[in-house]
Amino acid sequence: MKQQKTYTVSEATKALEYFCAYQERCHKEVEQKLRDINMIPEARDHIVLHLLQHNFLNEERYAKSFVRGKFNIKKWGKIKIINQLKFKEISSYNIKSGISEINEEDYLAALESIAEKKIKLIKEPNKFKKNSKLASFLISKGYESYLVFDLVKKMTL
């Protein structure tokens with residue numbers, strides 16, 4: 001059986017400061033990390049409070065960073081981003097704040113760009129099935145269905 005390293009509160013605090021400084025983290029990730037290193041609830045609360053007071057942990061900053069990353073790098077739509085933030089237990093206020101980071105023109109341009117790339121890859125002779133596959137793909141990327149259907153209709157004209 002493998003012996004797990006034990007941490008003092010100050011060692012765990014330093015480890016979590018590094019953990020948060022390396023990349024933006026949300027409360028849920030920090031709490032999980034503290035549970036993983038077997039910290040007692042009182043110590044977890046103390047460490048989280050320390051991280052908040054010293055600005056290592058900031059949910060609004062995390063939400064904005066998450067939204068920018070998932071949109072700019074992975075080209076996710078707003079629905080998928082919002083669902084992931086809800087899964088990470090981010091507040092509605094911070095989700096709205098994060099989503100405001102997406103420029104509407106860039107959002108629509110990204111949707112069109114993804115659609116143009118994907119439609120070239122779909123090898124389906126039936127036009128209806130091809131459009132259906134394209135729409136399903138775009139919706140699975142998290143784009144709003146009304147935007148997807150308008151775009152698919154526009155592309156087929």
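How far apart are Glu-17 and Lys-14 in helix H1 (residues 9-22), counted in residues and helical turns? The two are three residues apart, so about one helical turn separates them. Their side chains meet in a salt bridge, with 3.6 Å from N to O. A salt bridge here is a side-chain nitrogen of Lys or Arg within 4 Å of a carboxyl oxygen of Asp or Glu.

This is a predicted model: local features need pLDDT of at least 70, side-chain atom pairs count only at pLDDT 80 or more, and totals for chains, interfaces and linings use all residues. Residues are numbered from 1 along each chain as its sequence is written, and side-chain values use heavy atoms, with hydrogens and water left out.

**Overall fold**

- The protein chain has nine helices and zero strands. Helices (H or I, at least four residues) and strands (E, at least two) are DSSP runs, numbered from the N terminus.
- Along the sequence the pattern reads α-α-α-α-α-α-α-α-α.
- The radius of gyration of the protein chain is 21 Å, whereas a compact globule of 157 residues would have one near 15 Å. That radius is taken over C-alpha atoms, and the globule rule is 2.2 Å times the number of residues to the power 0.38.
- The C-alpha trace spans about 65 × 40 × 20 Å along its principal axes.
- His-46 and Leu-121 lie 53 Å apart in space, C-alpha to C-alpha, and 75 residues apart in sequence. His-46 sits in helix H3.
- Take the contacts between residues at least 6 apart in sequence: 63% of them join residues at least 24 apart. Contact means heavy atoms within 4.5 Å.

**Surface and charge**

- Of the 157 residues, 37% count as buried. Buried means under 20% relative accessible area, exposed means over 50%, and partly exposed lies in between (1.4 Å probe, protein chains only).
- The accessible surface of the protein chain is about 10100 Å², and 55% of it belongs to carbon and sulfur atoms. These areas come from the Shrake-Rupley method with a 1.4 Å probe; for residues, only the protein chains shown count as cover.
- The chain carries 30 positive and 20 negative side chains, and the centres of the two sets lie 9 Å apart. Lys and Arg count as positive and Asp and Glu as negative, while His and the chain ends are not counted. Each charge is placed at NZ of Lys, CZ of Arg, CG of Asp or CD of Glu.

**Salt bridges**

- Side chains of opposite charge can pair when their charged atoms come close. The structure holds 11 salt bridges.
- Glu-24 and Arg-61 form a salt bridge at 2.8 Å, N to O. Glu-24 lies in the loop between H1 and H2 and Arg-61 in helix H4, so the pair ties together parts 37 residues apart in sequence. Glu-24 is partly exposed at 23%, and Arg-61 is partly exposed at 28%.
- Glu-29 and Lys-88 form a salt bridge at 3.2 Å, N to O. This pair links distant parts of the chain, with Glu-29 in helix H2 and Lys-88 in the loop between H5 and helix H6 (92-99), 59 residues apart. Glu-29 is partly exposed at 22%, while Lys-88 is buried at 18%.
- Glu-31, Arg-35 and Arg-44 are linked in a network of salt bridges.

**A buried lysine without a salt bridge**

- Lys-141 lies in the loop between helix H8 (127-140) and helix H9 (145-156).
- Lys-141 is buried yet has no salt bridge. The nearest side chain of opposite charge is Glu-144, 13 Å away.
- Leaving out residues up to four places away in sequence, Lys-141 touches Lys-74, Lys-75, Trp-76, Gly-77, Lys-80 and Ile-114.

**Positive phi in loops**

- Most residues other than glycine have a negative phi.
- Lys-75, one of the residues touched by Lys-141, has a positive phi of about 60° although it is not a glycine. Lys-75 lies in the loop between helix H4 (59-72) and helix H5 (78-87). Its relative accessible area is 32%, so Lys-75 is partly exposed.
- Asn-38 has a positive phi near 60° and is a residue other than glycine. Asn-38 is in the loop between helix H2 (27-36) and helix H3 (41-53). At 52% relative accessibility, Asn-38 counts as exposed.
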